[in-house]
Each structure stands twice: as C-alpha cells, then as structure tokens.
Amino acid sequence: MSTIASPAADEIWMQRCRQLASQAAGKTAPNPLVGAVIVREGQVVGEGFHPGAGQPHAEVLALGAAGDRAAGATLYVNLEPCNHTGRTPPCTEAIMAAGIARVVVGMIDPDPRVAGGGVERLRQSGIEVTVGVEAAACQQLNEAFVHSVLQQRPFGILKYAMTLDGKIAASSGHSAWVTGPASRTWVHQLRSRCDAVIVGGQTVRQDNPRLTSHGQGDRNPLRIVMSRHLDLPAQAHLWEVSQAQTIVFCTPEHAAERADQLQQQGVEVVTLPELTPLAVLRGLHERGLRSVLWECGGQLAAQAIAQNCVQKVYAFVAPKIVGSQTAPTPVGELGITQMNEAIHLKDVTFQQIASDILIAGYLSNVGD
C-alpha cells in the first residue's frame, strides 16, 4: 500500500519541520538549520531539530523520540538527509534501520558530500522519497547555508537605519537614535541569528557600539572590526570580551604596539595582506561562519556591495528629517552616474515596526 499522504498534509508537516529548525537559528554554523517530524497514521510520533555542529542531526533525534513507532511511518525533513560520515554517522543509515516507509524532503542539500546522494541511497533501499515540498520556503530558511556552500563565503546582510531624507546620522555624526525602540529590538534579535557582525574603525570611534543581542536572544554574534592601521580607541565596548568575542582585521602596516594592547584585552588581531570585505569574508568562511551582518558606515557598505559581499538588505526608514548636505548616508560611492545603472532589489517586502518602516530585499549580483 502506498504511504503517500495528500499534498496539503505534506505541506503542513514540512512547515512544522521549518518551525523546529528555526529554534536553532544562529547556533548551527557551519551546519544548516534542520527539523524533522515523523508521522504515523496522521499522528506525530517523533520530532526534533539539529541544535548545533557536532550534536545529533534532526532525523536521529526524531527517530529516537519515535522509537519502535517509526516503523512504517513517514519522515519529514526540510533538508536532504546526509549519506556521509562527518562528526556524526549518516542519517540515511539510521532512517533505513528504523524501518521508515517514506521520506519527504523539502530541498536537496547543496553540500557536494550530499547533493542528491542521500535521496538516492534511500530510494535504492526501497523507501519512497518525495522531494521539493515547500521547496522555496526551505531554501529561504537555509539561504545563508546554501550561499556559503556554493560561493565559499558567508551570506551578507546589510542593515541600516535612515531618516526620510536618507541620512544615517546628523552632520555632527550623532546617530542615537534614528529609529525607535521596537526597531532596535528587532535588530538585536537579528544579531542573535547571525554568526558575525561587521563594522569599520570609524563606527567604533564614532558610536562605540556593543554589537550584542542585548538580551533579545540566547547568544551573541562574533564581532568583527575592519581597521587598516588599528587607529582605534584604547577603551571600547567591543574590547569587553566576557560576553562576546571580537576580532580585528588589519593590514601589515598596522601599529604593532596597538595590536599588542588589543590582544592583552582578549581581542584577536588578524593581519591580512589586503583589507577588503571579500578578504575578510573568505577568512570568516574558513572559520565555518555562514552569515554576517554588515552594520557599518556608508564607505565600507559601498565596498561590500561592490565586492558582492552583500546579498540582502534590511533598511529601516524613520519618519524624521535632518537635512544637511554633509550628513552621512547609508551607502557611499559606487560609481553609478545614471539612474538606469542603479542596483535593484528583488523580492522586496515592507513591514511597519511602530512608527518606522522596514524595507527588505535581495540585491542583484553586482560582480564577483
């Protein structure tokens, strides 16, 4: 007898997989977000989500919860089960051993070690496999993981807040606060879901940010500062590393004495031959990071965009006007002289947060 459920039921259970997976947002790098649900005769008999690298995968946790009830049941999982041995054994073997009759997969894993191999292994064993249920939503859930695997660099998000006339601060540089408390809380929650937050030296000197989740999540991101010469203040919130680590990237021309001082404060200092957004992202990729949040000034934001280090934009617009031709704007010089050369956002969404408007969208590729 076929074990295929109705398409509507498959979608409902896949939505549950995504809900489960989302509970580990920001905690699984370099691994993806994965949730799994086991259903037998229309009832959930086991479920789980991957909590972090080196820990059991979602399928294994769900199978453990289901026990003997997994035999003849359907397993739903938002990402293709692995068929290789990494830090944990292959999930495909556990699925087959449990007697699962059908597996419903949201999307194929882009990791070359998987890339359809898990699905093929299950089918070879006689298990029915359905692929592509809620595929677009599953892709979006793991957009950082997918981008990082395919492009060999973290997924970049540019976040900024500006006034109605496009300013991120007054002409004096004062910027506290462009948006209201509700928008700032939203950003703190976003930080907790990202692997790192990146700023330039000017932001450290001007704003002295903390770049933490401010209690809006149970983790803080890694904090990154880009400063060619380490002309940074002796004391700053970012040098307080008891709650969140900080890495400063610089060039060989940096001040050696300042580097020693930072390291004595617990800050890691990394020297790159050339300090560019792309070079920093490549270094972070080697550390297993999948997503970064650019909270920098306009000049660094422009460099990041030009080097295709930004894939998504979150732009907050506050109902305020400050005027001034010298007040800073969110993105610096990109060399665009004609409006028809402007970089377009796609899949744009709008959200009102108290009195502010949040515009989100994905950048069209602007180069390699």
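This is a predicted model: local features need pLDDT of at least 70, side-chain atom pairs count only at pLDDT 80 or more; totals for chains, interfaces and linings use all residues.
Visitor: What makes H3 and H4 roughly parallel to each other?
Guide: Helix H3 (residues 91–98) and helix H4 (residues 117–124) pack at an angle of about 25 degrees. Angles under 35 degrees count as roughly parallel. H3 and H4 are therefore roughly parallel to each other.

Visitor: What else describes the packing of H3 and H4?
Guide: Their axes lie 10 Å apart. The crossing of H3 and H4 is right-handed.

Visitor: How do you know that S3 and S4 pair?
Guide: Two strands pair if there are at least two bridges between them. Strand S3 (residues 74–79) and strand S4 (residues 102–107) are joined by 5 bridges, and they run parallel. Thr74 stands opposite Arg102 in S4.

Visitor: Which sheet holds S3 and S4?
Guide: An open sheet of 5 strands, in the order S2-S1-S3-S4-S5, with mixed pairing.

Visitor: Why are S2 and S5 called edge strands?
Guide: Strand S2 (43–49) and strand S5 (128–131) each pair on one side only. On average, neighbouring strands of this sheet are turned by 15 degrees against each other, direction ignored.

Visitor: What is the strand order in the sheet of 9 strands?
Guide: The order is S10-S9-S8-S7-S11-S6-S12-S14-S13. This sheet is open too, and its pairing is mixed. Its edge strands are strand S10 (268–271) and S13, each pairing on one side only. From one strand to the next, the twist averages 20 degrees.

Visitor: How do you know that S8 and S9 pair?
Guide: At least two bridges are needed. Strand S8 (residues 222–226) and strand S9 (residues 246–250) have 4 bridges, in the parallel sense. In one of them, Val225 has Val248 of S9 as its partner.

Visitor: What is the volume of the largest pocket, and which residues are closest to its centre?
Guide: The volume is about 1400 Å³. Of 47 lining residues, Thr203, Asp207, Glu295, Cys296 and Gly297 are the closest to the centre.

Visitor: Which elements supply at least two residues of that lining?
Guide: Strand S6 (155–163), helix H7 (181–193), helix H8 (201–207) and helix H11 (298–306) do. H8 gives the largest share, 6 residues. By class, the lining of the largest pocket has 17 nonpolar, 21 polar and 9 charged residues.

Visitor: What lines the second largest pocket?
Guide: This pocket has a volume of about 700 Å³. Its lining has 34 residues, with Gln140, Leu141, Glu143, Arg193 and Lys312 nearest the centre. Elements giving two or more residues include helix H5 (135–141), helix H6 (143–151), S6 and H7. By class, the lining of the second largest pocket has 17 nonpolar, 10 polar and 7 charged residues.

Visitor: What is the omega of the cis bond from Ala176 to Trp177?
Guide: Omega is near 0 degrees. Trp177 sits in the loop between S6 and H7.

Visitor: Why note such backbone values?
Guide: Because most peptide bonds are trans, and most residues other than glycine have a negative phi. Glu134 is not a glycine, yet has a positive phi of about 55 degrees. Glu134 is placed in the loop between S5 and H5.

Notes:
Residues are numbered from 1 along each chain as its sequence is written. Side-chain values use heavy atoms; hydrogens and water are left out. On a 1 Å grid over the protein atoms alone, a cavity is a set of points where a 1.4 Å probe fits but cannot get out, and a pocket is an open set with protein on both sides within 12 Å along at least five of seven lines; lining residues have an atom within 4 Å of a point. Grid points are joined across faces, edges and corners, and a volume is the space filled by probe spheres set on the points. Ala, Val, Leu, Ile, Met, Phe, Trp, Tyr, Cys and Pro count as nonpolar, Asp, Glu, Lys and Arg as charged, and the others, Gly among them, as polar. Axes are lines fitted to C-alpha atoms, for helices over the stretch in contact, and angles run from 0 to 180 degrees between N-to-C directions. Angles under 35 degrees count as roughly parallel, over 145 as roughly antiparallel, 65 to 115 as roughly perpendicular and the rest as oblique. A crossing is left-handed if the near helix is turned anticlockwise from the far one by less than a right angle, and right-handed if clockwise.
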